[in-house]
Amino acid sequence: MKKIFSICILLSFLTMVGCVEDNGNYTYTDIDQVVIDTTGRNIQSDYVVSRFDTLTIAPRIIYNGQEISNGDNAPLDYVWTLYTTHSGAGVDYTVDTLATTCVLHQPITRTAGEYRLQLTVRNRDNGVEEYFQTTCKVEESITAGWMVLYEPADEPSSTDIGLVVNEWTKKNIIRNREFWDLYKSSNGAHLEGAPLTVLHTAANLAQGDAIMIFTTKTFAGVNYATLEKIMTFDNLFYHVPSSYDVSYYGANGAMAFGETVINANKVYTTSFMARRNDFFGVAKSGSYGKLASWASATHGTMFDAVVYDQTAQRFLCCPRGGVSLLSFAPQDPNGAFDVNNVGMELLMGDYGNSVNYYDYLLFAKGEERYLAVANFGTRSNQQLPNIGVALYNISKSPDIQNATSWQSAYLGQFVLYSAGNKVYNLAYNQSTEGKVLWTAPNPDEEVTCVRLQKYYSMALHSRIMPYANQIIHIATWNSKAKEGKLYEYLTNPASGALIGEPKVYKVPGKVKEMGWKYAMEM
């Protein structure tokens with residue numbers, strides 16, 4: 001009886017609950033539908049691109065059954081992102097936002113690797129998101145070409161590097177290319193300090209040495225292929241200097257492998273015959289005054305360095321493996337000039353002459369200007385008495401007092417110098433007065449750098465450098481328009497005469513230095 005009574009009570013309760021009115025809201029609203037349709041759009045599940053290639057992907061975006069574009073009035077946001085899917089030490093987990101449009105049309109600047117490329121379409125009204133993903137493999141393409149070191153127009157007092165690739169600067173290319181802001185693209189920001197010098201030396205050529213970039217405030221050694229920073233100033237020395245104050249860095253590669261750096265008025269060298277060890281030794285000792293921002297690139301295998309003492313106005317040398325800067329032996333009084341007592345200020349210098357590897361130097365004596373030719377390259381030691389080969393008074397050469405750039409021919413008997421908006425050709429064996437070789441198309445363009453495409457190491461570079469000694473690179477800066485330009489001409493290597501029309505490039509800054517970047521696979 002008790003069980004029957006309990007069941008009756010339960011049934012009565014359920015009957016009462018069933019009679020309660022349901023006040024719930026059962027009105028249904030359709031959710032906006034977004035579809036990312038890739039059918040028939042030639043969109044791949046995997047992409048392989050060269051670094052800095054522009055990638056275009058245009059899916060069809062369908063909103064509530066209607067195809068739309070960026071300009072349509074739909075509450076949709078678009079974000080294209082690129083990120084790595086790998087993990088481990090040294091992996092860059094940065095997520096790059098490539099575009100905020102429904103169609104992607106952007107260069108891919110990430111370094112070599114495999115990435116995930118994703119389009120996210122978000123409905124602003126309800127927060128619902130749709131996704132499209134594909135794989136993007138990036139391969140390096142920055143192997144060889146003409147390097148351009150410049151001060152970016154958008155960030156003065158900083159430094160970045162560009163690369164121009166065409167049939168004049170790289171063999172066997174498929175298409176011409178140009179790259180700018182490579183350092184920022186690979187490292188996140190421009191280098192601090194104004195440009196000083198850039199060099200891809202011949203050391204350890206088969207393995208690809210670092211590209212060396214010096215500015216007025218810092219140094220970066222970057223990977224030759226990715227331009228990622230791999231070396232700091234401290235990495236260059238066995239015993240690191242207490243401060244950074246570099247006035248000169250260059251290769252001694254015309255006849256032997258080696259490098260020289262002048263930091264805080266101290267001379268450091270490194271020498272190598274097979275591969276670079278990346279270390280400079282201790283500073284050379286000696287008694288001397290203020291050193292010029294120059295060192296010989298032609299002194300051969302018997303010297304670690306040849307530099308110039310501006311205070312005493314004389315050359316100094318350090319024998320191979322030596323620890324001190326020394327004077328040369330007394331010179332022949334019938335020589336063109338005395339390297340121990342030049343009596344002039346050294347302004348600029350460059351190497352040339354494929355037979356003798358001479359240094360061609362611009363000196364100042366008051367308002368007068370002189371071209372001095374020195375033969376350090378074939379001397380067995382500092383005791384030989386006839387280093388001064390020739391001395392020319394070039395004071396009447398036009399604009400020579402205002403020269404800003406200086407280059408010596410490797411095959412011909414001429415020197416190029418720039419002043420204002422002009423480049424002059426000084427054929428010193430014919431005349432001590434230069435002639436106008438080139439004038440900028442715009443009078444507001446100032447020539448900031450002139451460089452010939454020539455060897456540092458003939459034994460190595462002659463096999464892989466295209467159009468060796470036949471290309472002249474002229475960089476200009478228009479301060480009014482805040483625009484840089486690079487003009488490349490084919491030239492006669494014997495006379496320097498320009499041939500045909502130039503290749504012209506816009507540079508996003510003021511060029512201070514240039515040089516050739518090599519690759520063994522060319």
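**Before you click**

You're looking at a predicted model, where local features need pLDDT of at least 70, side-chain atom pairs count only at pLDDT 80 or more, and totals for chains, interfaces and linings use all residues. Numbering runs from 1 along each chain as its sequence is written, and side-chain values use heavy atoms, with hydrogens and water left out.

**Stop 1: the whole chain**

Colour by secondary structure. The protein chain has three helices and 37 strands; these are DSSP runs numbered from the N terminus, with helices being H or I of at least four residues and strands E of at least two.

Now switch to a surface. The protein chain exposes about 23,900 Å², and 49% of that comes from carbon and sulfur atoms (Shrake-Rupley method, 1.4 Å probe; for residues, only the protein chains shown count as cover). Of the 522 residues, 52% count as buried, where buried means under 20% relative accessible area, exposed over 50%, and partly exposed in between (1.4 Å probe, protein chains only).

How much of the contact list comes from residues 24 or more positions apart? Such pairs account for 55% of the contacts with a separation of 6 or more, a contact being heavy atoms within 4.5 Å.

**Stop 2**

Zoom in on β31 (residues 422-426), which four bridges join to β32. Show V423 and you'll find W438 of β32 opposite.

Strand β23 (residues 303-309) is joined to β24 by six bridges, and D309 stands opposite R314.

**Stop 2: nonpolar cores**

Show side chains for L55, I57, I61, L76, W80 and L117. These have the most contacts inside the largest nonpolar core, which has 27 residues. A nonpolar core here is a set of buried Ala, Val, Leu, Ile, Met, Phe, Trp, Tyr and Cys residues joined through side-chain atoms within 4.5 Å. Strands that each supply at least two residues of this core include β1 (34-37), β4 (60-63), β6 (76-84) and β10 (129-139).

For another core, lying apart from that one, select W146, Y150, Y357 and Y505, which are among its 22 residues.

**Stop 3: salt bridges**

There are 14 salt bridges in the count, each a side-chain nitrogen of Lys or Arg within 4 Å of a carboxyl oxygen of Asp or Glu.

Start with R177 and D53, whose side chains meet at 2.8 Å, N to O. R177 is in strand β13 (residues 177-179) and D53 in the loop between β2 (46-50) and β3 (54-57), so the pair ties together parts 124 residues apart in sequence. Buried or exposed? R177 counts as buried at 13% relative accessibility, and D53 counts as buried at 15%.

Go on to D96 and R110, a salt bridge of 3.2 Å, N to O. D96 lies in strand β7 (residues 96-99) and R110 in the loop between β8 (104-107) and β9 (113-123), so this pair links parts 14 residues apart in sequence. R110 is buried, at 7% relative accessible area.

Then try D350 and K454, at 2.6 Å, N to O. With D350 in strand β25 (residues 345-352) and K454 in the loop between β33 (445-452) and α3 (458-461), the pair ties together parts 104 residues apart in sequence. To finish this stop, select D37, R60 and E67, which salt bridges with shared partners join into one network.

**Stop 4: F337**

Last, centre on F337, in the loop between β24 and β25. F337 counts as buried at 10% relative accessibility. Which residues does F337 touch? Leaving out residues up to four places away in sequence, the list includes F315, V342, A372 and L391. Draw a C-alpha to C-alpha distance to V389: F337 and V389 are 7.7 Å apart in space and 52 residues apart in sequence.

Methods:
Two strands pair if DSSP finds at least two bridges between them.
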